[in-house]
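Please find my notes on this model below.

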Amino acid sequence: MAIWGKLFGTVAGFAVGGRMGAVLGAALGHAADRGSLLEPPTGGWSDRWAARAAPDPNSAAAFVAAKLAAVTGKKDQLYALCTVLLCAKLAKCDAPVNRKEIDAFKSRLRIPPENAPEVGRLFDLARQRTDDYERFARELGQAYRDDQLMLEDLLGVLFFVARADCAKDEALHPAEIRFLKNVHKAFGLSAGAWSRADGGRSRPAMAENAAYDVLGVSIDASNEEIRATWRTLVRANHPDALSARNASQSEIDAAVVRISRINAAWDVIKRDRGL
């Protein structure tokens with residue numbers, strides 16, 4: 001277990017890719033090192049529980065763990081926990097979980113064989129109830145409201161798991177679509193994020209909400225207002241305009257960086273709005 005927390009968590013991780021893999025590997029790895037990933041109560045799971053095989057039938061312990069991670073600022077642990085929980089509940093929401101969905105889950109997290117039992121048990125416990133997923137999604141959405149690219153990564157994983165047992169061009173089950181739409185709403189993601197996750201496309205380098213902030217416009221602004229603001233900012237920060245005003249080289253270099261972000265933000269908004 002120590003190898004998982006110190007080596008697997010930081011090097012191989014739950015290698016979904018980029019920051020997402022590092023976060024998942026580190027958070028679940030440290031939990032496993034402490035022996036607290038699925039720690040039973042003192043005395044074990046007694047007869048007062050609904051079933052020995054289902055020690056958390058109402059998801060109370062799972063939600064408490066998520067809430068504690070949220071209120072104590074342990075965002076990485078919250079992200080790791082909710083990733084496993086949401087994938088499990090999505091896989092079960094339309095029908096019994098099947099092998100293709102499990103394989104899809106494993107392929108995106110690439111769990112090493114020696115750690116599969118712990119994560120597998122967490123997955124199995126989570127899928128016993130599927131009507132409580134929105135509270136986990138809301139907690140995660142609130143914690144990552146300023147880092148929506150991570151949320152979009154997870155939405156993409158959920159789409160991948162949902163499509164695992166679909167034939168080519170087959171539509172998702174209505175229960176899966178409802179699940180994904182509710183998670184998308186709880187995450188506070190844009191229409192563009194939904195479109196990219198649905199189509200299996202990579203996310204942009206800048207989140208839509210951040211793009212509006214770069215341009216200094218409201219997300220409710222009209223297309224014409226945003227376009228006019230973009231043009232004004234480009235003119236004001238263009239190197240030629242600064243040179244004409246006898247700006248220093250350092251000011252011109254800074255403007256080049258600003259105009260790059262301005263144009264990147266405009267590109268993101270254009271894609272999001274279909275302009």
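**Notes on helix packing**

1. Helices α5 and α8 are roughly antiparallel to each other (an angle over 145 degrees). Their axes come within 8 Å and cross at roughly 150 degrees; axes are lines fitted to C-alpha atoms over the stretch in contact, with angles from 0 to 180 degrees between N-to-C directions. Helices here are DSSP runs of H or I with at least four residues, numbered from the N terminus.

2. The model is predicted: local features need pLDDT of at least 70 and side-chain atom pairs pLDDT 80 or more, while totals for chains, interfaces and linings use all residues. Residues are numbered from 1 along each chain as its sequence is written, and side-chain values use heavy atoms, without hydrogens and water.

3. On the α5 side, Glu101, Ala104, Phe105, Ser107 and Arg108 meet Gly156, Val157, Phe160 and Val161 of α8, contact being heavy atoms within 4.5 Å. Of the residues in this contact, five are nonpolar, two polar and two charged.

4. Gly188 follows α9 and has a positive phi, near 70 degrees.

5. Lys89 belongs to helix α4. Lys89 is buried, at a relative accessible area of 1%. Its C-alpha is 6.9 Å from that of Tyr133, 44 residues apart along the chain.

Methods. Helices (H or I, at least four residues) and strands (E, at least two) are DSSP runs, numbered from the N terminus. Angles under 35 degrees count as roughly parallel, over 145 as roughly antiparallel, 65 to 115 as roughly perpendicular and the rest as oblique. Ala, Val, Leu, Ile, Met, Phe, Trp, Tyr, Cys and Pro count as nonpolar, Asp, Glu, Lys and Arg as charged, and the others, Gly among them, as polar. Buried means under 20% relative accessible area, exposed over 50%, partly exposed in between (1.4 Å probe, protein chains only).
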